[in-house]
Amino acid sequence: MGYAKQPDFGTPEVRSDKTVTLSIDGRDVTVPEGTSVMRAAAEIGGDIPKLCATDMVKSFGSCRLCLVEVEGMRGTPASCTTPVTDGMVVKTQTPRLEKLRRGVMELYISDHPLDCLTCSANNDCELQDAAADVGLRDVRYGYDGAHHLGQAPDLSNPYFLFAPDKCIVCSRCVRACDEVQGTLALTVDGRGFASKISAGTQEDDFLSSECVSCGACVQACPTSALMEKSVKEHGKPERSVVTTCAYCGVGCTFRAEMRGEQLVRMVPWKEGKANRGHSCVKGRFAWGYANHKDRITTPMIRDSIDEPWREVSWAEAISHTAGRLQDIRAQHGARALGGITSSRCTNEETFLVQKLVRGGFGSNNVDTCARVCHSPTGYGLKTTFGTSAGTQDFDSVEHSDVILVIGANPTDAHPVFASRMKRRLREGAKLIVIDPRRIDLVRSPHIEAEHHLPLQPGTNVAVLTAMAHVIVTEGLVDAQFVQERCEIDAFEDWARFVADESHSPERLEPVTRVPAEDLRAAARLFATGGNGAIYYGLGVTEHSQGSSTVMAIANLAMATGNIGRPGVGVNPLRGQNNVQGACDMGSFPHELSGYRHISDAETRALFESDWGVTLDAEPGLRINNMLDAAVDGTFRAIYIQGEDILQSDPDTKHVAAGLEAMDLVIVHDLFLNETANYAHVFLPGSTFLEKDGTFTNAERRIQPVRRVMDPANGYEDWQVTQLLANAMGLGWDYGHPSEILAEIARLTPTFAGVTWERLCDEGSLQWPVNEANPDGAPVMHVDGFVRGKGHFVVTEYVPTDEKTGPRFPLLLTTGRILSHYNVGAQTRRTANTAWHPEDLLEMHPTDAENRGLNEGDWVKLASRKGETTLRIKVTDRVAPGVVYTTFHHPETQANVVTTDFSDWATNCPEYKVTAVQVTASNGPTDWQENYADLSERSRRISHEAAE
Amino acid sequence: MTKTIDEIVARHAGREGALLPVLHDVQAALGAIDAEAETRIAHLLNLTRAEVHGVVSFYHDFKAKPDPRPVVQVCRAEACQARGIEGMMPAVTAAAGDRVRVETVYCLGLCSVGPNARIGDDLHARLDEGALTKLVERA
């Protein structure tokens, strides 16, 4: 497991059915047509010296180091730009080539500092390697000529530096930014000898530029010109472990590059099938929270939240907690106990928490944070297609012709996938965006949506039904697909329903505020533009009609025949790293793993015999019901693993009241989060770097997470759950998460073929992995829907009960931003705050002017539920009448204002629509002040007992 | 400035490869293309600031700062060197002082009749030191 660089084939892989055979240095090699000579040589282990070529970007042919001789060809062509031909005879090493390459290297080195021994790229530098490869022994030009030495480095980016004196202007960074990330933030300034890499105009540095700090340029740089500051600080890594990122649902795989137990850097793994060697600022750089000083590593208990915390041993914490749980169960019954699983923890950890609740606590009161994000996806896609998951893999987007993005902001929330989508859009695919806000995808360099439908928040169903109306009434339905693949009666009911004149774009325009002509054009484009793919996020699900919207999306995909092959499909963009997995693992109160209803006796029997317990046949309480029941006094104790419900769940005051009413709140987390202010037991958690296990991403891809350092708190999270279970007498004896995974596979048909060993060997598997799909399923519903026939559902638009009026005339919608993640517990504890130090309220210039507000003013944001203060940003990204903010910072607590309205089917909260008023303000609200007091008091730790 | 740039870009709207023509017009209208202008042009053409800056900085005739002084472009490429331009440069520089900007160019395409210089769109050939300094003084 020593440190080796990832292989670099010099030019990107070419996919072609035709192959070509050629001879390189006397060895025959067969490669796909269109492959470069350089790549063909690398395939057989050859190593042609190169500087400007790397397999993440197209060949460029500028460094002139990779020259080769080809029989019958004049001169010495560059191997990176020369495609292979059949029968070609190539020589990569001849006296003539040696001389040429040495000459080129001499020129490079004549303007390069000779400080290799103190350079952060020492022994990890392609320039150094190339000099060695070509046998550079002398620089005849000397070092006294014009040079770039001594130029000041640009240290503005918190994570990497740019040292122009080390730069050889190969422009790999510029091309990586253009081709891989698609941000095009870098350029070559000037020309000739004066050429210099620049991040924007002459007034920009890396931080002020359009750079999104994805790290692609740093990865592409052959020298130390662009280098992680962490490498400069700690030195070159000595080993690497492939693992999966713990941020969003894209599920990028990284090499955690280590020195001892010190993580030196995270480098995207080129073989990762979700990210294909790319990364974003969060996964690549924002891992510093793992060792942040706020991290709590000693268990703590207290009798009441008015008391300071008391540090105790693990043994005391576990026996105290188990004892309290048993007491409360004895007094109030099993249904007074419950738990919440975490979409950030592994499948194995999540599975154990629900097992503890169902089999140990004895109730089905288990829920998960997916309740507040993608529960409608589960419900909607199960009803229509038969599976609670997206239909495609991420590679699918490479085959899409029309991409419809609704209620998602991929460039901020799923940036690595967004880069892949943007690449396809630059290739010519058409884009339709349905979003109240002008997200970056609507118009950003080289990307322009064909149609942006800026709908009134809360009218998704009306817009989608109107699109369906156009498709049905204008004869654009894929009749053959519907005939063969769907239930005809349901289709006909649906077609009659949407064709009704009341659902025409013109009739719905007053409600949706989307110009009817635009909507018609968008519908026609989607139905007739070739492969149509729908990507959606929480702007779809977090509404009172979230489930209806998911089903309306599914209807649209089925009606246009866009299911069951690459390039199409319905793709929920999952918010958290393992939200798909948490749902798969039976985290919902009504379902066991694999989405099997708890009332199903056969399934229950399977688990009962395996676990040796009796399961309650009644579904348990959802999060919001647990909180309601707590206020009523019937729900008394909760075990919360890795979720900060106080900050993330809607209507903060209600959450606080529920937690305050409970006898026992157990928080199992990395930090004393906001929920812990109401907790009686704090069990320190471990980070993704400290545990083995698996995460499942948005494409149903199960990927291994690997322990690269010991848990700072002493235990991986599944071990803590096991300790608690055993203290309650359950007698578990898992020695490693692979054993839990084996249990999951044994009990869950869709995971039947998944094993830890296979995941480690193959990198990942996309469920279902069963007899029908022994190697998993990149695309689902290929030959037929999982439920048999696709089921159309009539989706009547019902306006939300949250209405604007004279007191609350504006609609608030919420979202997130690239540099932060969810409630910010992790990202706020990293240098990502350089980009987004606080939550801002976006407001249209007209609304701001009417209120006499200017950019940067403090304002009070008030709803029927509560009020908070924050500063405003005046922008026409939002329409008049709509305001927008993020929810990353506890000082703001945007959820103080959100309501308890929720999805009719799943109770997913309606975060995306709140009627508000915004007024000038000169200080924090009473809630903010009181909460800040409570927070300070509640976080006190008494060290006396521990000493 | 914004208005001028907006008008120029509108004139070239829909044209393929509009950036260079836009830059020429902006340079002509404003005498320079500074960071603010680059930012505005990038926004209007849906390009990044870096892309615009890369092109602006590549061409010597696009200026980052306006310079109202008259310009004399003197060819100092091989042919003109062979005909003695280097020997004339001290006198040219002295004549220019701070009032005139003397720019070196490499070849005006009149190699057979050098030394050559250019002022605006006018080319001047077969120059000797006297003729060249006079040009500078009158520029």
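Two strands are taken to pair if DSSP finds at least two bridges between them. By that criterion, strand 32 (residues 840-843) of chain A and strand 35 (residues 882-886) of chain A are paired in the antiparallel sense, with 3 bridges joining them. Within this predicted model, Leu841(A) is the residue that stands opposite Thr885(A) in strand 35 of chain A. Both strands belong to a closed barrel of 6 strands in chain A, which runs in the order 31-35-32-34-33-36 and has mixed pairing.

| Domain of chain A | Residues |
|---|---|
| domain 1 | 19-93 |
| domain 2 | 160-291 |
| domain 3 | 300-373 + 579-766 |
| domain 4 | 376-572 |
| domain 5 | 810-937 |

As the table shows, domain 3 of chain A is made of two segments, 300-373 and 579-766. Between domain 2 of chain A and domain 5 of chain A, the C-alpha centres are 32 Å apart, and the contact between these domains involves 9 residues of domain 2 of chain A and 10 residues of domain 5 of chain A. On the side of domain 2 of chain A that touches domain 5 of chain A, the residues comprise 7 nonpolar, 1 polar and 1 charged.

What does each chain contribute to the contact between chain A and chain B? Chain A supplies 20 residues and chain B supplies 14 residues. On the side of chain A that touches chain B, the largest share comes from strand 6 (residues 187-189) of chain A, which provides 3 residues. The residues on that side of chain A are split into 6 nonpolar, 7 polar and 7 charged.

Chain B itself has 139 residues, of which 30% count as buried. Its secondary structure consists of 7 helices and 4 strands, and from the N terminus on the elements of chain B follow the order α-α-α-α-β-α-α-β-β-β-α. Taken along the principal axes, the box filled by the C-alpha atoms of chain B is roughly 50 × 30 × 25 Å. Among the contacts in chain B with a separation of 6 or more, 62% are between residues 24 or more positions apart.

Definitions and conventions
Residues numbered from 1 in each chain as written. Chains lettered and ligands numbered in written order. Predicted model: local features only at pLDDT ≥ 70, side-chain atom pairs only at ≥ 80, totals over all residues. Helix = DSSP H or I, 4+ residues; strand = E, 2+ residues; numbered from the N terminus. Contact = placed C-beta atoms within 7 Å. Nonpolar A, V, L, I, M, F, W, Y, C, P; charged D, E, K, R; others polar. Domains from an automatic or database assignment. Buried ≥ 20, exposed ≤ 12 C-beta atoms within 10 Å, placed from the backbone.
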